[in-house]
Amino acid sequence: MEQRVLISVLLILITISLNPLQSMAARGLTPTVIVIGAGMSGISAAKTLSDAGIKDILILEATDRIGGRIKKTNFSGVYVEMGANWVEGVNGKEVNPIWTMANEIGLKSYRSDFRNIASNVYKQSGGLYNESEAQKIVDSAEEFFQFSVNVSASLSSNGAEDVSILTAERLRNKVPSTPIEKALEYFRYDSQQGEPPRLTSLRNTVPLPTFADFGDDIYFVADPRGYESVVHYIAKQFLTTNKAGEINDPRLLLNKAVTEIHYSGSGVTVKTQDGGVYNAGYVMVSASIGVLQTDLISFVPPLPDWKLLAIYQFDLSVYTKIFIKFPYKFWPTGNGTEFFVYAHERRGYYTNWQQLENEYPGANCLLVTVTDDESRRIEQQPDSKTKAEIMEVLRNMFGDDIPEATDILVPRWWSDKFYRGCFSNWPVGLSRHRFNQIKSPVDRVYFTGEHTSEKYFGYVHGAYLAGIDSANSLINCVKKKMCNSKDDQLVQDEIVLVREE
């Protein structure tokens, strides 16, 4: 009898030792860190904490899945990416960490080829532009880009001095005016930043460190497992799984939408929409900058003015990839036809197109991308209207005899309260000092996300590296008592200065 009891106690102790959350509960302790959000940054931060020996963590995710803005869905029999779609920055002098992981798990992806775009620019009606005419505009845009790189390099390195990309265009007398010029400008800049040149910082986006460091190539992910399998790959390195390989770690709680974060010098209390209350020593917030700009999560006490000012000044762009299915192909396929451009008089009106025969052979799918105000407009109208607009554009390009689309997928990231957009963009005039305040901790509240990556904001690798960076700051605080702090009087002086300006 005594032997049975002893064995039972030993089994319980072994189970507790293998489960950090149960171990904490058994000892009446709270987690060291609560991580809010299980997107790329949240998972990356949590893994970094775990690798450093801080395993008593709790991850609260608002939705029913991990991955955040990396999300697959089944569209007419093929899995497509509603959010992040490319591994961007490949074949350069440094290796993109996302590319390394994608190769480790055998993620299917295809190199995107933009080189023949001058042969694939369509008029608002009446077919293709003459290739030589389009090529002159492409060449002129490349010459302007080199000029803008030099202008960017001449600006103050601290970011206090800045101009927009549009300002640089004015300096060079290269402001697009015709439909084809505006379309190709959109293809080059809005497709990358998600916002127009008049809103985008020249100093912080030309050239983009992603391509300068990791290479100019980008790879389109088209894998049934989804791009999110990279996030799962990271998560499974520190979270437990069942026999089927599914994550079942009790430290990851799904459908836990955070509504309040109470913080003080002694710890944090996090409340969720379903009435849950969780205490910890620290909290790591990986919500998007768009969410932080809303009242979805209340901070008690309110975040200080310097923090709010920094958060409110940054931009979260909206980038909408619309997938359309047809009964058969009617567009050109083969080498040099992957991307094509529609030059409407209204800038950004269904401008960027991609035929997906290489990625999804025989699926007869097209992808058209819209951004910014067009994205917001389209999110607020029924898909039937969007489909009708798209069909009119396609008939303008390819004639009236094309078939009607059989299916359409319109993601709505801006309307989703848990995201409020797609990826961050550095607005003109935001200093590097102000940007650093976005990621600066407030007492025991730490922040991470792609928007906290100074070099790679807006990218999946930026989210991954930001999670590591933010976690290391928290580790230094927990283990070495090297906690970031700001002098309150200095902060107040900064606010006064900004208000006076």
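These legends describe close-up views of a predicted model.

**View 1**

**View 1. Strand 5 pairs with strand 8.**
Strand 8 covers residues 217-221. Four bridges join strand 5 to strand 8, in the antiparallel sense. Look for two pairs of residues here. Glu 88 stands opposite Ile 218 of strand 8. Val 90 has Asp 217 of strand 8 as its bridge partner.

**View 2. Strand 6 pairs with strand 8.**
How many bridges link strand 6 and strand 8? There are three, and the pairing is again in the antiparallel sense.

**View 3. Strand 8 is covered on both faces.**
Is strand 8 mostly covered or mostly exposed? Strand 8 is mostly covered, with five of its five residues buried. In a regular strand, side chains alternate between the two faces of the sheet. On one side of strand 8 are Asp 217, Tyr 219 and Val 221. On the other are Ile 218 and Phe 220. Every one of these residues is buried, so both faces count as covered.

The order is 7-17-18-19-16-20. In this sheet the pairing is mixed. Which strands stand at the edges? They are strand 7 (121-122) and strand 20 (407-409), and each pairs on one side only.

**View 4. Strand 16 runs antiparallel to strand 19.**
Strand 16 spans residues 319-325, and strand 19 spans residues 365-371. Seven bridges join the two strands. Pick out Lys 321 to find your way: Thr 369 of strand 19 stands opposite.

**View 5. Strand 1 and strand 2 lie side by side as a parallel pair.**
Strand 1 holds residues 33-36. Strand 2 holds residues 57-60. The two pair in the parallel sense over four bridges. Ile 34 stands opposite Leu 58 in strand 2. Both faces of strand 2 are covered. Ile 57 and Ile 59 are buried on one side, and Leu 58 and Leu 60 are buried on the other.

**View 6. Helix 11 crosses helix 14.**
Helix 11 runs over residues 305-313, and helix 14 over residues 432-439. Their axes come within 8 Å and cross at roughly 105°. Angles of 65 to 115 degrees count as roughly perpendicular, so helix 11 is roughly perpendicular to helix 14. Helix 11 brings Trp 306, Lys 307, Leu 309, Ala 310, Ile 311 and Gln 313 to the contact. Helix 14 brings Arg 434, Gln 437, Ile 438 and Lys 439. By class, the contact has five nonpolar, two polar and three charged residues.

**View 7. Glu 185 is a buried residue in a helix.**
Glu 185 lies in helix 7, which spans residues 179-193. Why does Glu 185 count as buried? Its relative accessibility is 10%, and buried means under 20%. The side chains of Glu 185 and Arg 347 are joined by a polar contact of 3.0 Å. Leaving out residues up to four places away in sequence, Glu 185 touches Glu 169, Pro 176, Asp 190, Pro 197 and Arg 347.

**View 8. Ser 229 sits in helix 9.**
Helix 9 covers residues 229-235, and Ser 229 belongs to it. Ser 229 is buried, with a relative accessible area of 12%. Which residues does Ser 229 contact, leaving aside neighbours within four places in sequence? They are Ile 105 and Leu 107.

**View 9. Phe 299 is buried in strand 14.**
Strand 14 spans residues 298-300 and includes Phe 299. Phe 299 has a relative accessible area of 12% and is buried. Not counting residues up to four places away in sequence, Phe 299 touches Ile 261, Tyr 263, Leu 292, Val 445 and Phe 447. Tyr 186 is 113 residues from Phe 299 along the chain. The C-alpha atoms of these two residues are separated by 38 Å.

Conventions
Residues are numbered from 1 along each chain as its sequence is written. This is a predicted model: local features need pLDDT of at least 70, side-chain atom pairs count only at pLDDT 80 or more; totals for chains, interfaces and linings use all residues. Side-chain values use heavy atoms; hydrogens and water are left out. Two strands pair if DSSP finds at least two bridges between them. Axes are lines fitted to C-alpha atoms, for helices over the stretch in contact, and angles run from 0 to 180 degrees between N-to-C directions. Angles under 35 degrees count as roughly parallel, over 145 as roughly antiparallel, 65 to 115 as roughly perpendicular and the rest as oblique. Contact means heavy atoms within 4.5 Å. Ala, Val, Leu, Ile, Met, Phe, Trp, Tyr, Cys and Pro count as nonpolar, Asp, Glu, Lys and Arg as charged, and the others, Gly among them, as polar. Buried means under 20% relative accessible area, exposed over 50%, partly exposed in between (1.4 Å probe, protein chains only). A polar contact is a pair of N or O atoms within 3.5 Å; within protein, one must be able to donate a hydrogen and the other to accept it, and residues adjacent in sequence count only if both atoms are side-chain atoms.
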